[in-house]
Amino acid sequence: MTDTALETFVRGLPKAELHMHIEGSLEPELMFELAERNGVVLPFQSVDEIRAAYAFSNLQDFLDIYYQGAGVLLTAADFKDLALAYFRRLAADGGTHAEIFFDPQTHTDRGVAFGTVIEGLTAGMAQAQAELGVTAKLILCFLRHLDEAAAFATLEQAKPYLAQIAGVGLDSSEVGHPPAKFARVLQAARDLGLKVVAHAGEEGPPAYVWEAVDLIKVDRIDHGNRALEDDCLTARLVQDGVTLTVCPLSNLKLCGVSDLKHHPLKRMLKLGLKATVNSDDPAYFGGYLLENYLQTAQALDLTRDELATLARNSFTGSFLDDAEKARRLAGIDAYLASH
Ligand code: HPA
Ligand code: ZN
């Protein structure tokens with residue numbers, strides 16, 4: 001396929017995004033606009049200066065600047081604008097469904113009410129569905145560098161909004177904060193009817209992925225790259241059909257891989273792992289969903305069949321109900337039959 005044929009094919013391919021932190025879709029332009037609207041002083045003079053600061057050598061480097069950027073988000077309107085900007089980009093990329101992470105503790109710790117965050121994000125989701133036909137679900141992430149008590153307090157704050165929340169996850173600094181630290185609060189969330197996911201194996205060792213699977217019994221693994229270091233774990237993930245929400249440009253920008261040509265995505269597919277492609281924090285890592293597909297496809301020579309498998313995995317691994325999954329998969333089949 002030529003580059004343009006590839007882009008046309010992937011853009012048109014119906015696909016879901018399962019790993020995207022909404023605070024990570026805050027573009028520098030919107031950051032400035034919201035800073036001005038809210039009277040927040042940024043330590044940057046220009047959009048270019050912000051972009052120049054986006055040179056990361058590991059996850060923590062990125063997180064420090066990401067939490068700082070989120071400081072401009074104060075009102076429900078801010079969260080709605082943020083969400084809508086993301087959904088517009090997703091729709092332009094041919095994305096039709098998204099399950100987005102949000103980090104309530106980043107906001108409640110600054111005095112923004114939990115309900116304000118939910119109100120804004122759900123307003124953005126409703127408008128995206130009405131105007132763009134894009135569906136979405138919310139996944140509440142606990143910050144794993146904070147303690148279990150803080151996670152329990154956050155789950156308590158979420159209780160009035162459970163109808164708006166599909167699941168919970170674990171994000172932030174992975175190393176030193178294994179899934180086991182949150183086993184009880186994740187079980188409490190599951191008891192409330194929520195799905196459970198966890199970032200594991202992004203920088204953390206295979207042992208963290210084992211914990212996520214065996215102890216937490218996660219519904220998906222976010223990233224999972226380092227699982228490939230353990231053949232037994234890989235076999236287990238294949239056998240259980242565990243979806244991995246892989247984020248190629250994120251892995252490149254946070255130096256998990258030195259070049260996309262060395263990215264494990266193609267190997268994951270060949271091993272039979274249920275890998276998906278996602279953007280993680282697109283405003284910080286240089287590309288939204290389509291760009292992640294295209295750059296990875298070019299670097300790894302992904303075939304048309306592999307691209308279709310990635311799109312299928314994004315729906316089979318989603319939290320849509322079975323009838324809806326079947327409808328979305330039929331949409332992929334119809335697209336492939338005519339393209
Ligand atoms: N990893 C962990 N925590 C995060 C990330 C990530 O890639 N993005 C936002 N929070
Ligand atoms: Zn992530």
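**Exercise 1. Count the aromatic pairs, then classify the one formed by Phe 56 and Phe 285.**

Start with the rule: rings of Phe, Tyr and Trp (its six-membered ring) pair if their centres lie within 6.5 Å, and planes under 30 degrees apart are stacked, over 60 edge-to-face, the rest tilted. That rule gives 13 aromatic pairs. Before going on, note that this is a predicted model, where local features need pLDDT of at least 70, side-chain atom pairs count only at pLDDT 80 or more, and totals for chains, interfaces and linings use all residues. Residues are numbered from 1 along each chain as its sequence is written, chains are lettered from A and ligands numbered from 1 in the order in which they are written, and side-chain values use heavy atoms, leaving out hydrogens and water.

Now the pair itself: the ring centres of Phe 56 and Phe 285 are 6.3 Å apart and the planes meet at 85°, so call it edge-to-face. (Helices, H or I with at least four residues, and strands, E with at least two, are DSSP runs numbered from the N terminus.) Last, check burial, meaning under 20% relative accessible area, with exposed over 50% and partly exposed in between (1.4 Å probe, protein chains only). Phe 56 has 9% relative accessibility and is buried; Phe 285, at 1%, is buried too.

**Exercise 2. Is the pair of Phe 114 and Tyr 161 stacked or edge-to-face?**

The centres of Phe 114 and Tyr 161 are 5.6 Å apart with planes at 25°, so this pair is stacked. Phe 114 sits in helix H7 (residues 114-132) and Tyr 161 in the loop between helix H8 (148-158) and strand E4 (167-171), 47 residues apart. As for burial, Phe 114 is buried at 5%, while Tyr 161 is partly exposed at 26%.

**Exercise 3. Which residues hold the zinc ion (ligand 2)?**

Look for donors: N, O and S atoms within 2.8 Å of the metal (3.2 Å for Na, K and Ca); water is not among the atoms, so sites may look incomplete. You'll find His 19 (NE2), His 21 (NE2), His 199 (NE2) and Asp 280 (OD), at 2.0 to 2.2 Å from the zinc ion. Then see where they sit: His 199 is in strand E5 (residues 195-200) and Asp 280 in the loop between strand E8 (274-277) and helix H14 (282-285), so the pair ties together parts 81 residues apart in sequence. Both His 199 and Asp 280 are buried.
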